[in-house]
Amino acid sequence: LMAALMSMGKGALGGVGGGGEEKKDESKKEEKKEVTEEKKKAPEEMKEPAEMPRGDYRVQVHILEGRELIPKEATGVGFVFGTDSTMDPLLEVQILGQKKSTKPQKGTLSPIWNETLYFQFTDMTTERLESEEIVFKLLDHNSLSSNTLTGTFMIDIPYIYKLKHHEAYRKWIALRDPEGESEK
């Protein structure tokens, strides 16, 4: 599965900032100098400061496509190669208790969603942000009964926040079997 863009930004809710005190110009200059020196030492991918301050956040998840997905049959037994089986995949994303999903793609094992899901959070504490994760669930849509879970992936919010520009851009994610047995 490809999650093309997962980004999160502090104060991205139309300029809404966090609940901290304003710093004096001198301390801002000193802080900027320290961050610049840290960036020189940090690996290329993680050049942003790691601190996740309290405040308002907007998380954007752009889901592009999935490839060579492996469906489950109605019995819950894994897909058997050589059979004429497809699925109606949709991807559900859960962040800090909010769930959103893509539209199901009919009869394919290589869906193209190209959908962006937006999540907004207000007054988030540092502790909560640092202890949470983003959960991806690949489901086989069934309009007559409940959807079938076919794969999962989880990533810590601090990991995304620490990446350059707070985003994982054009990254493929490997889904795990929901029973935890293997990667897909």
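User: What share of the 184 residues in the protein is buried, and what makes a residue count as buried?
Analyst: Buried residues make up 36% of the 184. The label rests on relative accessible area: under 20% is buried, over 50% is exposed, and anything in between is partly exposed, using a 1.4 Å probe and protein chains only. Keep in mind that this is a predicted model, where local features need pLDDT of at least 70, side-chain atom pairs count only at pLDDT 80 or more, and totals for chains, interfaces and linings use all residues. Residues are numbered from 1 along each chain as its sequence is written, and side-chain values use heavy atoms, with hydrogens and water left out.

User: What does pLDDT say about this protein?
Analyst: pLDDT is the predictor's confidence in each residue, from 0 to 100. Here the mean is 73, and 64% of the residues reach 70 or more. Among the elements, helix α1 (residues 25-41) has the lowest mean, 43, while β4 has the highest, 96. Over residues 11-44 the pLDDT is below 50, and that stretch has 27 contacts in the model beyond near neighbours in sequence. Where pLDDT is low, the predicted coordinates should not be read in detail.

User: How many helices and strands are there, and how do you know where one is?
Analyst: There are three helices and eight strands. From the N terminus on, they run β-α-β-β-β-β-α-β-β-α-β.

User: Why is the pair Glu65 and Arg67 called a salt bridge?
Analyst: A salt bridge needs a side-chain nitrogen of Lys or Arg within 4 Å of a carboxyl oxygen of Asp or Glu. The closest N and O atoms of Glu65 and Arg67 are 3.3 Å apart, so the pair qualifies. Glu65 is buried at 18% relative accessible area, whereas Arg67, at 48%, is partly exposed. By this rule the count comes to four salt bridges.

User: What makes Lys106 and Asp88 a pair that ties parts together?
Analyst: Their side chains meet in a salt bridge at 3.6 Å, N to O. Lys106 lies in the loop between β4 (98-101) and β5 (112-124), and Asp88 in the loop between β2 (55-65) and β3 (89-95), so the pair ties together parts 18 residues apart in sequence. Lys106 is exposed at 74% relative accessibility, but Asp88 is buried at 15%.

User: Why does Glu92 have no salt bridge?
Analyst: Glu92, in strand β3, is buried, and the nearest side chain of opposite charge, Lys99, is 4.3 Å away. Glu92 does touch Lys99, along with residues including Val135 and Phe136; a contact means heavy atoms within 4.5 Å.

User: What makes a group of residues a nonpolar core, and which residues of the largest one touch the most other members?
Analyst: A nonpolar core is a set of buried Ala, Val, Leu, Ile, Met, Phe, Trp, Tyr and Cys residues joined through side-chain atoms within 4.5 Å. The largest has 28 residues, and Val61, Val93, Ile95, Phe119, Ile134 and Phe136 touch the most other members. β2, β3, β5, β6 (133-140) and α3 (157-162) each supply at least two residues, with β5 giving the most, five. Among the residues Ile134 touches are Val93, Ile95 and Phe153.

Notes
Helix = DSSP H or I, 4+ residues; strand = E, 2+ residues; numbered from the N terminus. Lys, Arg positive; Asp, Glu negative; His and termini not counted. Lists of a residue's contacts leave out its neighbours within four places in sequence.
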